[in-house]
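Work through the exercises below with the sequence and the model at hand. Each task is followed by a solution in steps.

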Amino acid sequence: MTSPAIAVFGAGLVGARHVAQTATQARLAAIIDPAPAARDLAAQHDVPWFADPAAYLNTQTPDGVVISTPNALHADHAVVCLTRRIPCLIEKPIAATVAAATRIVDASAQHETLVLVGHHRRHNPIIARAKAIIDTGTLGDITAVTGQFWLYKPDDYFDAPWRTQPGGGPTMINCIHDIDLMRHLVGEITDLHALRSHARRGHAVEDTAALSMRFANGALGSFSISDTVAAPWSWEMTSAENPVYPHVAESCYRIGGTHGSLSLPDLTLWRHDGPRSWWEPISGGVQTVTSADAFARQFRHFLDVIAGADPAVPATEGRASLAATLLVHADAT
């Protein structure tokens, strides 16, 4: 059977990874990106290159499209594909605004064409195991959640000007993944309040933020974000999910319940050996899983979505995680 033909819109840092994944797991149909580097990448893969989606879609109809263009373009690019009934894998965030995300949700429904949002961490076996532990009641009632995104981005990371402007800070680039996982594991976020600072770098966008949140089940959460801290406590550096980041054997999330607590991504489950009491011994056991490439698993799932499977992260979920993340800016000072 012929592999599905997948076009990739946007060949930047993440887009290039999608290109490599597509070329490995399916049939790369084309690369669409106006940058000269994208044209060179297309030549390396011996596939057509187009500067814009309209020029490409006027000549070809692929089996699916990966959209990894700048956030502000996601809705326009997705809608033009969905109108042609082309399933889409849209890199997170699904769009730049909730209104734009709603355009995608509506187009997907109207044209009966599926969307998978690229919150790839949900495809990690670590997260699947954590969700099973929580959903089976092993932790009891979830009471508190805490997490960190602390690492140091080098100065040349900001040579791309958009990363210094609203939408380009660690909240929208990185912490949206963390917020999505908290929603997935703990439940809907009903309130979120934040303090922000750009004191270290002085960019128009934050470099540090402190978040407090309330979940629908009554749990409270806190999250600390900074890309100016020389530290290992981030999903990127603790999960070994992406080989470009050095791995450290630490955790970055803790989820606490009335019967036990779980740290992630090390999957250490803490429970009292006898009665639940601060006077009683408590011990932690590491829950084992078979590691797998979450990015590759996400793409394999996209191929299933093209074939008609329900997306694990549909457009409505992408919109909900975007809406929760945008509260960081709505309430920030």
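**Exercise 1. The second largest pocket**

Task: Find how much space lies in the second largest pocket, and describe its lining by residue class.

Solution. The model is a predicted one. Step one is the volume: the second largest pocket holds about 230 Å³ of space. Step two is the lining, which is made up of 17 residues. Those that lie nearest the centre of the pocket are Asn124, Ile126, Ser239, Ser291 and Ala292. Step three sorts the lining by class: eight residues are nonpolar, six are polar and three are charged.

**Exercise 2. Helices H4 and H5**

Task: Decide whether H4 and H5 are roughly parallel or roughly antiparallel to each other, and list the residues through which they meet.

Solution. Begin with the two elements: helix H4 covers residues 74–83, and helix H5 covers residues 98–110. Their axes are 9 Å apart and form an angle of about 10 degrees. Angles under 35 degrees count as roughly parallel. H4 and H5 are therefore roughly parallel to each other.

Next, take the contact residues. H4 contributes His74, Ala75, Asp76, Ala78, Val79 and Leu82. In H5 they meet Ala100, Arg103, Ile104, Ala107 and Ser108. By class, this contact of H4 with H5 has seven nonpolar, two polar and two charged residues.

**Exercise 3. Positive phi outside glycine**

Task: State phi for Glu112 and for Ala240, locate both residues, and say whether Glu112 is buried or exposed.

Solution. Take Glu112 to start with. Its phi is near 50 degrees, a positive value in a residue other than glycine. Glu112 lies in the loop between H5 and strand S6 (115–118). For accessibility, exposed means over 50% relative accessible area. Glu112 has 68% relative accessibility and therefore counts as exposed.

Now turn to Ala240. This residue is not a glycine, yet its phi is positive, at about 60 degrees. Ala240 is located in the loop between helix H8 (235–238) and strand S11 (253–257).

How values were computed:
Residues numbered from 1 in each chain as written. Predicted model: local features only at pLDDT ≥ 70, side-chain atom pairs only at ≥ 80, totals over all residues. Heavy atoms only, no water. 1 Å grid on protein atoms, 1.4 Å probe; cavity = no way out; pocket = protein on both sides within 12 Å on 5 of 7 lines; lining within 4 Å. Points joined across faces, edges and corners; volume = space filled by probe spheres on them. Nonpolar A, V, L, I, M, F, W, Y, C, P; charged D, E, K, R; others polar. Axes fitted to C-alpha atoms, helices over the stretch in contact; angles between N-to-C directions. Helix = DSSP H or I, 4+ residues; strand = E, 2+ residues; numbered from the N terminus. Parallel < 35°, antiparallel > 145°, perpendicular 65-115°, else oblique. Contact = heavy atoms within 4.5 Å. Buried < 20%, exposed > 50% of the residue type's maximum accessible area, 1.4 Å probe, protein only.
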